[in-house]
Structures are given as structure tokens and as C-alpha cells.
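Student: I have a structure to learn from. Can we go through the terms used for it, one at a time?

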Amino acid sequence: MRHLLSTADLSYAQANKILDTAKEMARISEGPVKKLPTLRGRTIVNLFFEDSTRTRISFEAAAKRLSADVINFSAKGSSASKGESLKDTAQTLQAMGADAVILRHSASGAAQRLASSHWTTGSVINAGDGTHEHPTQALLDAFTIRKHLRGGTGDLRGLTVAIVGDILHSRVARSNIHLLNLLGAQVILVAPPTLIPLGAEKWPVQISYDLDAVLPLVDAVMMLRVQQERMNDFFFPTAREYSHYYGLNSDRLKLMKPNSLIMHPGPMNRGLEITAESADSARSVILEQVTNGVSVRMAVLYLLLAGAPNEGGDLI
Amino acid sequence: MSVALSAVDISRALTRIAHEILERNGGPDSIVLMGIPTRGAFLASRLANSIASIEGREVRVGTLDITLHRDDLRLRPLRALVPTMTPLGGIEGRNVILVDDVLFSGRTIRAALDALGEIGRPKSVQLAALVDRGHRELPIRADYVGKNLPTSKAQSVKVHLSEIDGVDEVLVETTEG
Amino acid sequence: MTDYLIDGGVLAHGKNVQVLISDGRIVEIDRIVSSPNAVNAVRVDARNCLILPGFVDLHTHLREPGREDSETVESGSRAAAKGGFTAVSAMANTFPVADTAGVVEQVYALGQAAGLCDVFPIGAVTQGLAGQALAELGAMADSKARVRIFSDDGNCVFDPIVMRRALEYVKKFNGVIAQHAQDPQLTKDAQMNEGFLSSRLGMKGWPSVAEESIIARDVLLADHVKSRLHVCHVTTSGGVDIIRWAKARGIQVSAEVTPHHLLLTEDLATSYDPMYKVNPPLRTQKDVMALREGLADGTIDVVATDHAPHSAESKECEWQAAAFGMLGLETAFSIVQATMIDTKMMTWSDLADRMSTAPALIGGYSDHGQSLRVGSRAHIAIVNPTRGWQVDRDLVASRSKNTPYHGMEFSGSVVATFFRGVPTVLDSKLVRSNNGN
Ligand SMILES: [Zn+2]
């Protein structure tokens with residue numbers, strides 16, 4: 001594999017390979033040496049058509065820790081240019097000799113489009129495409145769950161994970177559903193019916209509208225961010241009613257199993273989908289997700305870029 | 001293609017190296033053997049067994065994956081990472097003996113020294129290699145050598161170990177062109 | 001003017017004939033023509049071919065005026081001729097919009113000047129396609145272009161009062177409102193058919209109900225005011241059902257289906273290649289089968305191409321940013337043969353009806369769609385159902401290359417086209433001629 005576009009493209013072996021590699025990266029990151037020569041001489045471009053400081057910083061830290069040269073290219077505000085900019089920008093980066101493009105874009109499928117075009121020959125890593133996927137987020141989530149509930153090895157068989165909130169617009173949810181299934185976990189989606197996509201009944205998940213009924217069953221709960229703009233689009237009556245039924249608050253914490261995890265891809269709307277008490281509770285691994293994000297992204301960069309150009313990528 | 005070391009030769013060489021290590025370090029207690037995967041790791045555990053049977057005491061042994069510390073990854077096929085395993089007690093203040101199968105340019109060992117640096121600060125670092133085939137590109141030499149094998153650059157040295165290859169032997173091949 | 005003898009072909013119902021064409025008309029049609037003029041006529045080899053009335057398209061985007069970089073009336077006419085068409089209907093969404101007598105006369109004149117087929121302008125229903133104030137429908141009807149079909153295509157006439165008034169108003173000159181049925185609020189930012197696939201691809205869904213609810217409303221309005229409604233590009237099985245129901249009630253409704261909706265499905269969107277982005281969107285296999293059945297049983301009256309040329313920039317981008325639409329004229333016949341004839345769902349007579357007779361009747365194009373007999377205008381398409389070809393986007397006559405069929409092979413092709421008795425295409429190639437009129 002030359003690109004990482006979707007967790008749906010990963011095989012079981014590939015997913016485990018990424019997580020195992022990330023474990024090594026995490027081990028090294030804990031040591032005194034913060035910089036490895038692994039990707040010296042490689043050029044990695046952070047091509048962000050959409051603002052996401054945390055994702056960009058995470059990829060940048062991962063690339064720099066492996067000694068790659070990083071170019072940050074913010075192409076924001078190009079929605080008016082009707083998308084030609086993706087082609088033009090990619091060709092520019094190609095001319096600059098980019099070995100990999102980390103692409104964040106508001107259009108679903110943008111990463112796949114770039115990977116299948118002739119605009120660039122480098123690897124394409126999807127850092128979030130519209131409401132489609134965000135594969136490294138799912139990988140870091142799986143890594144975090146595995147570390148806490150499976151001793152850092154093996155798959156996630158026997159675990160139940162709830163994804164709660166705006167499934168309809170969530171790229172994090174889509175990537176997680178594929179990957180959690182691949183690793184053997186059971187997934188329950190919890191949201192008001194308006195935020196579950198039509199057609200989701202054919203996904204390999206269970207669907208529930210009742211968070212209180214689901215919480216006692218789960219080993220981990222992923223709370224999704226509720227975007228402000230959903231409020232004005234009739235997806236739910238009021239923020240207050242949403243929080244009342246789907247917010248993770250202290251009463252609901254009590255429904256959860258003792259060792260279960262609270263996760264959030266960030267940034268959080270404290271008080272809306274999650275209360276401060278839940279976010280900061282002992283079960284919360286939200287900050288650790290951020291740390292693990294760097295290790296997982298180091299692993300992805302290593303596996304996609306470290307080998308000889310024509311032989312690299314045999315591992316994933 | 002010719003056999004440079006037979007199974008018996010390899011066994012004899014390792015036993016000799018085990019004795020040399022013990023002699024130089026005054027016994028097994030200060031020692032940590034760190035094998036460099038893949039075959040260096042098997043050699044390290046064989047050395048550990050050998051020392052244990054000589055001394056009647058266990059010796060600390062671990063593995064050190066150096067892949068991420070290489071600066072020539074672009075020139076070779078991608079390899080999977082092997083977990084680095086440090087023995088209980090770590091390497092702090094110990095005499096670490098790096099174990100590899102073939103000593104060639106010295107770049108692997110340079111990377112190993114970097115990799116070691118992130119685990120701790122040993123008292124000394126020594127190097128044991130089953131075969132030294134020359135052609136060093138860095139100021140690195142082995143403290144313990146199974147066999148010096150003068151080769152041309154056109155030749156390649158293949159170490160086979162029963163743990164992974166089913167047989168113990170060292171072959172020298174002359175590649176055409 | 002040169003005389004032509006079409007030799008060796010069969011008519012739609014199977015009769016083996018020679019056709020002698022003189023002065024723009026069919027002068028003799030028989031097993032062996034007897035006229036002495038046949039000796040000096042240019043012989044057109046039609047062995048293994050069917051001789052059909054020239055095709056008529058009710059839904060063509062020619063982009064002129066305004067976007068001549070992607071198509072002109074002339075380039076679109078060449079594409080039409082290659083596809084066996086002798087008449088096309090130019091949609092009103094040009095720049096400026098064809099909402100005045102001036103613009104429709106200009107387009108009509110450009111078509112006559114090109115001389116490769118008749119270009120009948122479709123007038124806008126509302127000024128600027130804005131859906132609010134009626135355009136001057138009467139003036140367009142009375143103009144030299146004699147407009148009878150009105151459509152805001154690309155936009156739906158959503159306001160029910162505007163739709164009702166338009167339906168009523170065109171009764172004066174026996175006009176018809178061609179509705180692009182799409183509830184704009186249910187399809188805001190929509191990208192593809194809504195269902196499992198859109199949920200998985202993370203693309204905003206385009207529900208069937210957005211099309212069907214408008215069709216349902218409009219057939220009821222047409223019934224209420226006793227006027228004629230034409231439903232553009234039906235794509236859903238539910239839409240077919242509603243039209244079938246309306247026809248059974250005697251409502252004056254006609255409907256069209258595009259070749260691409262007869263052949264392609266939403267699965268192509270998994271590539272995120274905007275070549276498959278079209279309005280209305282590609283649907284499911286179940287819908288495709290319902291559309292074929294609807295076309296076969298006459299619920300859907302005609303095949304219309306919705307030929308929609310777009311410049312390379314409009315498609316060389318991510319799906320969401322790309323323009324809707326695909327080329328259709330040059331591949332229409334081959335697709336209808338593949339989906340309807342080769343599957344034994346329709347006869348050749350049915351094909352001649354759906355691609356020529358019925359559309360000419362709906363548009364009031366009295367010169368076209370006539371059965372081939374002595375005295376009728378020589379608008380003829382000669383097709384060879386066993387002469388296969390492969391679509392090559394670099395060889396299209398259209399100015400744009402946005403064909404989703406690039407590389408696809410079809411088993412039948414258009415061999416020759418006669419427009420007013422003059423060949424525009426021979427041996428599947430455009431003829432450069434001084435089109436005697
Ligand atoms: Zn339309």
C-alpha cells in the first residue's frame with residue numbers, strides 16, 4: 001500500500017502492523033532521544049485545506065521526530081476557487097519533490113481523488129476528508145483502547161465500543177467503525193435518529209437511540225463533537241435537549257463499567273456532549289489520545305515512507 | 001558459492017567468544033548481551049546459553065532493534081520493527097555487548113549505539129560479530145570475532161542459523177556482474 | 001442536389017428495402033426501387049443495418065451563448081449528427097438565459113447556420129431561471145424559433161403557484177412544461193443518491209423522495225389545470241410508478257429517461273471520480289431496472305440525452321467541487337440498444353418510437369419523427385447493431401470530453417445520418433458538405 005486513505009482499505013494484518021509499530025514508536029518517544037534519523041532526506045507536506053491545528057501539529061511532530069523535512073501548506077479559503085486548487089497545489093508540491101502529502105480537505109473523497117490522479121506521485125495520507133474518513137484518528141483510538149484494555153498487544157475481540165453523537169457528519173466515526181470491526185470489537189452507535197445516516201442500518205454496527213441503556217455495556221465510549229452549525233439545521237431541538245439525552249455527565253458516569261474508558265477526538269464542547277467532570281475523570285484517556293496520535297502517525301509515516309521507493313510499503 | 005563456516009565451526013566460534021567475554025569482563029555479572037535482530041538476536045541468546053553452562057549462572061540478554069536509527073533505509077526494502085527488549089535491571093552502568101552476525105560497513109553498529117543511547121548509559125559497549133568481512137566505512141571494530149573473512153565487495157556473505165533458516169552455516173557467494 | 005440510394009438495409013419492422021432520396025425527401029421506398037434516377041444516385045451501403053427515422057433529443061445542453069469553451073451550437077450539432085440525431089432541443093440554462101424571444105431566435109439561427117440538425121430552443125419557464133416571475137412564454141412561442149417546450153432545467157420550478165400558472169399559460173399555444181423534478185430543500189448540497197453507499201462514502205445524500213414528491217405534485221397540478229407536463233430525466237422506480245398511475249388516470253404527462261440512467265448505477269461514485277457526478281444522480285440497480293421497464297411499457301415516453309458538456313477544469317477536481325453532467329449524444333443509441341434491444345425488452349420499432357416519433361410529437365417538431373414513407377422528409381439514422389466500437393474521449397465531436405463511457409465497448413453503432421436528405425454522417429464519420437437546403 002502506498003497511501004493511507006481509509007481504514008476500510010486495511011487488512012487485519014496491516015492494522016496490527018501499524019499498531020505494533022506505533023508501540024515501538026511510543027517506547028522510543030518515552031526515552032531521552034527525541035529524534036530519529038529514519039526519514040532523513042524525505043519531504044513531507046502538510047496540505048491543509050481546512051483548519052485543524054491539532055491534527056497538523058500531531059503530524060508535524062511525528063514527521064520531525066523521524067527527521068523528515070516538513071512543509072506546512074495551508075490552502076484554506078480556497079472554496080471559492082472551485083477545487084482547481086487541489087490539482088494546482090498538488091502539482092506544485094510534486095514539483096517541489098514531496099515524498100508524501102498529508103491532506104486535510106472539506107470534500108469527501110479528496111484524498112482518494114489525489115491518490116488516483118496523476119497530480120502527485122507521492123504517498124497520500126488522509127488527515128480527514130469531509131464527512132468521509134479520518135483513518136489516523138481511528139488508529140490512535142484503537143491504539144489507546146488496546147493499550148488500556150488489552151495490555152498493548154493483540155486485537156480488540158470481546159470489547160464493546162459506543163460511538164455517541166453526530167455520526168452523520170463524522171469522519172472519525174466512519175473510520176472507527178471499519179477499524180473496530182476489523183479488530184473484532186463490537187460497535188454501538190448512539191445518537192438521535194436525525195444524526196444517524198440513512199443506510200447505516202446496513203453497517204456492521206448496532207444502533208441505539210438510548211445512551212443510558214448502552215453505557216452499562218461498553219468498555220469504551222467515544223463522544224463526538226457536536227458542531228455549532230448543526231444547531232440551526234433541525235437535527236435536534238436545542239442544545240439543552242441534546243445534552244439531556246446524549247451528553248456524558250456525572251450521572252451517566254455511574255452507569256459505566258469500572259474499567260471502561262472515556263474518549264473524545266477533540267476539540268471538546270465542554271458542557272454540550274461532555275461535562276468537565278467526565279472529561280477530567282480518572283477514566284478519561286482524552287489527553288493520552290493526543291500523545292498516542294503522534295506515535296501512530298510516526299508508525300504510518302515509517303511504514304509508508306521508510307523503505308526503498310519501489311519496495312517500500314510492502315508491510316502495509 | 002562456498003561454505004566459509006560449518007555448523008561445527010559456528011558452535012566452536014561461539015564457545016570461544018563466550019570464554020573471551022567472561023575473561024575480559026571478569027565474570028557474567030556486569031554483562032548485558034544485546035542482540036541485533038534478526039540473526040544477532042539468536043546469536044546473543046546462544047552466547048547467553050553458552051555462558052550460563054560455563055558459569056552455572058544466568059546472564060542478562062536482550063534485543064536491540066536499530067531499524068529506526070538507520071540513515072540508509074531508503075536504500076533497502078522496508079523491514080518490520082522488532083520490539084527492543086531490555087533485560088530486568090536495564091543497562092545502566094553495565095558492560096553491554098552488542099551481538100551481530102556480520103560486521104561490514106559498520107553502519108549497523110553506529111545505529112545500534114544511537115539506539116542504545118535511548119535505553120540508558122552503559123559503563124562500556126563492546127561488539128561481538130560472528131563474521132568480520134572487512135570494508136569498514138566508519139571507525140568501528142569488533143572486540144570478539146568468530147572468523148575474519150576477507151571478501152571482495154562483489155561477494156556476499158550469508159549467515160544461516162537453525163532457529164530461522166533450519167541450518168547453521170556461513171556462505172560466501174560471488175554475485176555476477 | 002445529389003440523390004442517394006440507401007441499399008441493403010431493413011426498416012424497424014423488418015422489411016428489407018431500398019430508399020431513394022431526392023431533394024430532401026424520400027421519393028421511393030421498396031424492395032427494389034424502380035425509378036431510373038436510382039442509377040445515378042450515390043449508393044449508401046446499409047447491409048446489416050436498420051434504417052430508422054432520425055433521432056430527436058428533447059434535452060440537450062449546447063452551452064451557447066455563454067460557455068462556448070465547453071460546447072457550441074455547431075460542435076453540439078456535430079455530436080448530435082454522429083449520434084444519429086436530426087433534431088435536438090437546446091436547454092435554456094445558457095448565459096444569458098434563453099428567457100426571451102431574442103435569445104431563442106439566436107440559438108435557433110445558430111442551429112440553422114450549422115446545418116447539421118434542427119436545433120429547437122427550449123425556453124425558460126421563469127426569468128433568469130430564478131423560479132419567481134414567468135418569462136415571456138408567449139413571445140418565445142411566437143418567435144421564429146416557435147418554442148413549445150419550456151423548462152428551467154438545472155433548477156426545479158419549485159413554487160407551486162409558479163408551476164401552476166406556467167402549466168396553465170402554455171395551453172394557449174399547446175406548449176408543455178418540462179420539469180426538472182428536484183425539491184431544492186431536500187437536496188441542498190446533495191452529491192449522490194442517498195442510501196447505504198452515500199452513508200459509507202460520507203457524501204450528502206440525494207433522496208429519491210426529492211424527485212418523486214415534485215413529480216407527484218406536478219401530475220396533480222397538470223390534472224387540475226388540464227395541461228401538459230413533461231417530466232425530465234426520471235431516475236427512480238417510485239417516479240416511474242407515479243407517472244404510470246398518472247397516465248392511467250388520463251393525465252397529460254410524458255416523461256423521459258437518459259441513457260446513463262438506463263445503464264449506470266451509483267456504485268461508480270465509489271471512485272470519487274466526478275465523471276460520474278450528474279444531476280439527477282445515478283441511482284441503484286433496482287431503479288435502473290424500473291426505468292427500463294417503464295421505457296419498455298411506454299410509461300416513459302422517450303429517451304433524452306441530457307447531454308451536458310463541461311470543460312476539463314470543471315471535472316478535474318474533487319467530487320464536491322465538480323460540475324454535474326456528462327456527454328450523451330454520441331453514445332445514446334449504442335446504450336439504448338445495449339440496455340433495451342439486446343436485453344429483448346424492446347423491439348426496433350419501440351426504439352424508433354422512443355428516440356424519434358414520441359419526442360418529435362411532444363416537442364411539436366412536425367418535420368421529424370415521421371415514419372419512413374414516400375414523401376416524408378429524409379431525416380434518417382442508419383444503425384448497425386453488430387458493428388462494435390470503443391468509446392474514446394479523445395475522438396468525440398463535442399468540445400468537451402466528459403464522457404463516463406471512455407474505454408467502454410458497445411456492440412452497435414450509428415453508421416450514417418441524413419438530415420433533410422443530405423448525409424451528415426457516413427461510415428460513422430462526419431461528412432464535410434455544403435449542406436444544400
Ligand atoms: Zn435537468
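Tutor: Start with a definition: a salt bridge is a side-chain nitrogen of Lys or Arg within 4 Å of a carboxyl oxygen of Asp or Glu. Keep in mind that this is a predicted model. By that rule, two salt bridges cross the interface of domain 1 of chain A and domain 2 of chain A.

Student: What makes A:Arg146 and A:Asp20 a salt bridge?

Tutor: Their closest N and O atoms are 3.0 Å apart. The cut-off is 4 Å, for a nitrogen of Lys or Arg and a carboxyl oxygen of Asp or Glu, so the pair counts.

Student: Which stretches of chain A make up the two domains?

Tutor: Domain 1 covers 7–134 + 290–305, and domain 2 covers 135–289. Their C-alpha centres lie 25 Å apart. The contact takes 34 residues from domain 1 of chain A and 34 residues from domain 2 of chain A.

Student: How much area is buried between domain 1 and domain 2 of chain A?

Tutor: About 2,700 Å², with carbon and sulfur atoms giving 59% of it. On the domain 1 side, A:Leu19, A:His134 and A:Asn292 supply 25% of the area buried against domain 2, more than any other three residues.

Student: What makes C:Asp153, C:His180 and C:His233 donors of the zinc ion?

Tutor: Their donor atoms lie 1.9 to 2.3 Å from the zinc ion. The cut-off for this metal is 2.8 Å, so they count as donors. In sequence their spacing is D-x26-H-x52-H.

Student: Why does the pair C:His180 and C:His233 tie together separate parts of the chain?

Tutor: C:His180 lies in the loop between strands S10 and S11 of chain C, and C:His233 in the loop between strand S13 and helix H7 of chain C, so the pair links parts 53 residues apart in sequence.

Notes: Residues are numbered from 1 along each chain as its sequence is written. Chains are lettered from A and ligands numbered from 1 in the order in which they are written. This is a predicted model: local features need pLDDT of at least 70, side-chain atom pairs count only at pLDDT 80 or more; totals for chains, interfaces and linings use all residues. Side-chain values use heavy atoms; hydrogens and water are left out. Domain bounds come from an automatic or database domain assignment. Contact means heavy atoms within 4.5 Å. Buried area is the accessible area (1.4 Å probe) that two parts lose on being put together, summed over both. Donors are N, O and S atoms within 2.8 Å of the metal (3.2 Å for Na, K and Ca); water is not among the atoms, so sites may look incomplete. Helices (H or I, at least four residues) and strands (E, at least two) are DSSP runs, numbered from the N terminus.
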